[in-house]
Amino acid sequence: MSKKVKSVNYGLEKIFEGAQDFLPLLGTDYVEFYVGNAKQSAHFYKTAFGFQSHAYKGLETGSKDAVSYVLIQDKIKLVLTTPLNSQSPINNHIVKHGDGVKVIALLVEDARSAYKETTKRGAKSYMEPVVEKDEFGEVVCAGIYTYGETVHMFVERKNYQGTFLPGFKKWESEYNPTSVGLKFIDHMVGNVGWGQMNTWVKWYEDVMGFENFLSFDDKQIHTEYSALMSKVMSNGNGRIKFPINEPAKGKKKSQIEEYLDFYEDSGVQHIAVATDDIITTVSQLKARGVEFLPPPPLAYYDDIPRRLGKHKSMMKEDMNELQKLSIMVDADEEGYLLQIFTKPVEDRPTLFFEIIQRMGAKGFGAGNFKALFESIEREQANRGTL
Ligand code: FE2
């Protein structure tokens, strides 16, 4: 890597250690959803999830075909986009998938290089590098397709001082609900079709230079009725983590199959957002109407001291509070974690959110998979999709 790159202090020293990292990623830049009504979705994410108004583009800013609202909470940026007429190709995405994630944008030092290195390794192009300018500077963006119709956009904004991107104006709103303490995106999970997990694992290895740092097979992730397999892919500095799930054979239909049926494609299953005070965050989310999966059985909480093992004395949270809020606990060698999952945030049972607080643990709550999937199965049974 060049000296110029090294001189930029993102606090991510590890990125540039290995000359083999042909795709240094500085973090998640934004996540863009294509939705049926962005104005109402934006209201939902502000009111229910505590996001703040950040930027806007639409008819008033000269955008004739689509409107986008950008919401922010600490390091998390969500973009909600709706087409303004029937001619926009965004409609096709919404007709097929319902509301869902279109773009996982990754912050890079050099978007042209990111595009060149990934397309050279077999990535399908979504958008060649484009330079957009306004009075605040310039941004270079380029995109490649990943699973389904989902896109990774590379965003280079080191020469830009504006609010979000050229074309957007700052969005000042008189309605500003407070934050619920969400800090950053911890991981984003993709669901892919039968037999496709290893194809996409290889794709992330070959095209993006990621590594598979955790794997779960259907013997580890199953209930009486359903099963799935999962491999966690991570980039060189560990900032970006993309677990990839595929369904496995069980007596009944797994949640992954249900997702694939309703999204009608591979796509983003959940976005895990980190907090450093999950009790406060989840209390606020519940008070604001966010729906979570039904609680694990009572016996689940009796088993937590055993699961925490050597980390038991480290735990600061009150177990009664956790149980009252149905927050789940898991531990690994390095520490413990607290997590909870929302119900799907659209009418189709597709995308949902995870709220996670890591207290040293690097895993994904494998000890909770069984209790979690049994909760999901109860929901599937209610929907008649189990
Ligand atoms: Fe997760």
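Leaving aside neighbours within four places in sequence, which residues is H187 in contact with? They are K241, P243, H270, I271, A272, E354, I356, R358 and F364, where contact means heavy atoms within 4.5 Å.

A word on the model comes before that. The model is predicted, so to speak of a local feature takes pLDDT of at least 70 and side-chain atom pairs count only at pLDDT 80 or more, while totals for chains, interfaces and linings use all residues. Residues are numbered from 1 along each chain as its sequence is written, and side-chain values use heavy atoms, with hydrogens and water left out.

## The iron site

H187 is found in strand β10. Helices (H or I, at least four residues) and strands (E, at least two) are DSSP runs, numbered from the N terminus. The iron ion has three protein donors, H187 (NE2), H270 (NE2) and E354 (OE), at 2.0 to 2.2 Å. Donors here are N, O and S atoms within 2.8 Å of the metal (3.2 Å for Na, K and Ca), and because water is not among the atoms, sites may look incomplete. Along the chain, the spacing of these donors reads H-x82-H-x83-E. H187 sits in strand β10 (residues 184-191) and H270 in strand β14 (residues 267-274), so this pair ties together parts that are 83 residues apart in sequence.

Are the two histidines buried or exposed? H187 is buried at 3% relative accessibility, and H270 is buried too, with a relative accessible area of 9%. The cut-offs are under 20% relative accessible area for buried, over 50% for exposed, and partly exposed in between (1.4 Å probe, protein chains only). The side chain of H187 also makes a polar contact with the side chain of D186, at 2.7 Å. A polar contact is a pair of N or O atoms within 3.5 Å; within protein, one must be able to donate a hydrogen and the other to accept it, and residues adjacent in sequence count only if both atoms are side-chain atoms.

The chain is assigned domain 1 (8-17 + 181-383) and domain 2 (25-170), with bounds that come from an automatic or database domain assignment. Taken over C-alpha atoms, their centres are 24 Å apart. Domain 1 brings 46 residues to the contact and domain 2 brings 43 residues.

About 3,500 Å² is buried between domain 1 and domain 2, and carbon and sulfur atoms give 67% of that area. Buried area is the accessible area (1.4 Å probe) that two parts lose on being put together, summed over both. Between the two domains there are 13 residue pairs in polar contact (both at pLDDT 80 or more). On the side of domain 1 that touches domain 2, the elements giving two or more residues are β10, α5 (197-208), β13 (241-248), α6 (255-263) and β14. Of these, α5 gives the most, with 6 residues.

## Salt bridges

Side chains of opposite charge can pair when their charged atoms come close. A salt bridge is a side-chain nitrogen of Lys or Arg within 4 Å of a carboxyl oxygen of Asp or Glu. The whole structure holds 21 salt bridges, and the count between domain 1 and domain 2 is 1 salt bridge. Here are some of the pairs.

| Pair | N to O distance |
|---|---|
| K183 and D74 | 3.8 Å |
| K183 and D276 | 3.9 Å |
| E224 and K251 | 3.7 Å |
| D261 and K253 | 2.6 Å |

K183 lies in the loop between β9 (169-170) and β10, and D276 in the loop between β14 and α7 (278-287), so their pairing ties together parts that are 93 residues apart in sequence. K183 is partly exposed, with a relative accessible area of 26%, while D276 is exposed at 54%.

E224 and K251 are both exposed. In the pair D261 and K253, D261 is partly exposed at 42%, and K253 is partly exposed at 28%. D29, K77 and R157 are linked in a network of salt bridges.

## One more residue

N320 has its place in helix α10 (residues 319-325) and is exposed, at 56% relative accessibility. From C-alpha to C-alpha, N320 and Q284 are 17 Å apart in space, and they are 36 residues apart in sequence.
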